[in-house]
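Take a look at the model below. Then read on for a short tour of its fold, its charged pairs and its nonpolar parts.

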Amino acid sequence: MISPSASSASSSSKKKMKQAESKWRTAAQERIYRRRLLEALRSTASGAGPRAVKEAADSALALTARGQSQWSRAILLGRCRPRRKLLLKAGGKVRRGRRRPRPAAPVSVAVATGKKVRDRLRVLGRLVPGCRQLSAPSLLEEAADYVAALEMQVKAMRALADAFSAASLNAAAAGEAESRVV
């Protein structure tokens with residue numbers, strides 16, 4: 001049986017997730033992001049690599065979010081770089097972190113499930129910028145907002161890629177028509 005307070009808490013979190021999704025699905029937000037993305041891409045050097053393009057797209061996304069979320073503040077402040085310690089073995093192989101020994105005693109299903117959920121939440125906290133130390137409900141809200149923003153980013157980048165490819169096709173067709181005339 002679900003208590004009234006538990007059902008109201010779950011309904012309020014559902015409302016917040018809907019708000020995060022709808023906030024990033026508006027045409028106005030998309031236009032703002034596209035404009036900022038185009039400006040950011042123009043400001044990067046023409047010979048810049050994929051990392052510079054990703055940083056420009058992420059900073060444009062964080063600016064569009066106006067720092068109202070934990071992930072956007074982390075991107076704007078530059079705190080989202082993963083800090084991995086690489087350990088070198090004698091054979092020259094790269095190893096990340098340490099291996100944990102397996103528990104010797106059998107573990108109950110409830111404990112194993114709880115550990116699995118905690119581990120997955122920890123991984124999710126690493127994937128969303130600036131969310132490593134958040135509580136589970138806050139982390140899930142931030143992740144929902146971040147995924148909705150990333151969906152909008154993909155949509156905007158696809159539109160830009162389509163526009164650039166159409167422009168290059170038109171330029172190539174114009175070049176062919178010019179060579180036929182001459």
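This report goes from the overall fold to the salt bridges, then to the core and the surface.

**Ground rules.** This is a predicted model: local features need pLDDT of at least 70, side-chain atom pairs count only at pLDDT 80 or more, and totals for chains, interfaces and linings use all residues. Residues are numbered from 1 along each chain as its sequence is written, and side-chain values use heavy atoms, with hydrogens and water left out.

**The fold.** The chain has six helices and two strands. Both kinds of element are DSSP runs numbered from the N terminus: helices are H or I with at least four residues, strands are E with at least two. In sequence order, the pattern reads α-α-α-α-β-β-α-α. The chain has 182 residues, and 20% of them count as buried. Buried means under 20% relative accessible area, exposed means over 50%, and partly exposed lies in between (1.4 Å probe, protein chains only). Contact means heavy atoms within 4.5 Å. Among contacts between residues at least 6 apart in sequence, 56% join residues at least 24 apart.

**Salt bridges.** Side chains of opposite charge can pair when their charged atoms come close. A salt bridge here is a side-chain nitrogen of Lys or Arg within 4 Å of a carboxyl oxygen of Asp or Glu. The structure holds six of them.

| Glu-30 and Lys-155 | 3.5 Å | Glu-30 11%, Lys-155 48% |

Which parts does the salt bridge of Glu-30 and Lys-155 tie together? Glu-30 lies in helix H2 (residues 27-43) and Lys-155 in helix H6 (residues 136-181), so the pair links parts that are 125 residues apart in sequence. Glu-30 counts as buried, whereas Lys-155 is partly exposed.

The other two pairs each sit within one helix. Glu-39 and Arg-35 are four residues apart in helix H2, so about one helical turn separates them. Asp-119 and Lys-115 are also four residues apart, in helix H5 (residues 109-127), again with about one helical turn between them. Salt bridges with shared partners join Glu-30, Arg-34 and Lys-155 into one network.

**The nonpolar core.** A nonpolar core is a set of buried Ala, Val, Leu, Ile, Met, Phe, Trp, Tyr and Cys residues joined through side-chain atoms within 4.5 Å. The largest one has 20 residues, and Trp-24, Tyr-33, Leu-61, Trp-71 and Val-128 touch the most other members. Elements that give two or more residues to this core are H2, helix H3 (50-65), helix H4 (70-77) and H6. H6 gives the most, with eight residues.

Look at Trp-71. Leaving aside neighbours within four places in sequence, its contacts include Trp-24, Leu-61, Val-128, Glu-142 and Tyr-146.

**The surface.** The accessible surface of the chain comes to about 13800 Å², and 58% of it belongs to carbon and sulfur atoms. Areas come from the Shrake-Rupley method with a 1.4 Å probe; for residues, only the protein chains shown count as cover. Leu-63, Leu-76 and Leu-77 make a nonpolar surface patch of about 290 Å². Patches are made of residues with over 30% relative accessible area and no salt bridge; like charges are joined within 9 Å, and nonpolar side chains (Val, Leu, Ile, Met, Phe, Trp, Tyr) within 5 Å. Leu-76 lies in helix H4 and is partly exposed, at 41% relative accessibility.
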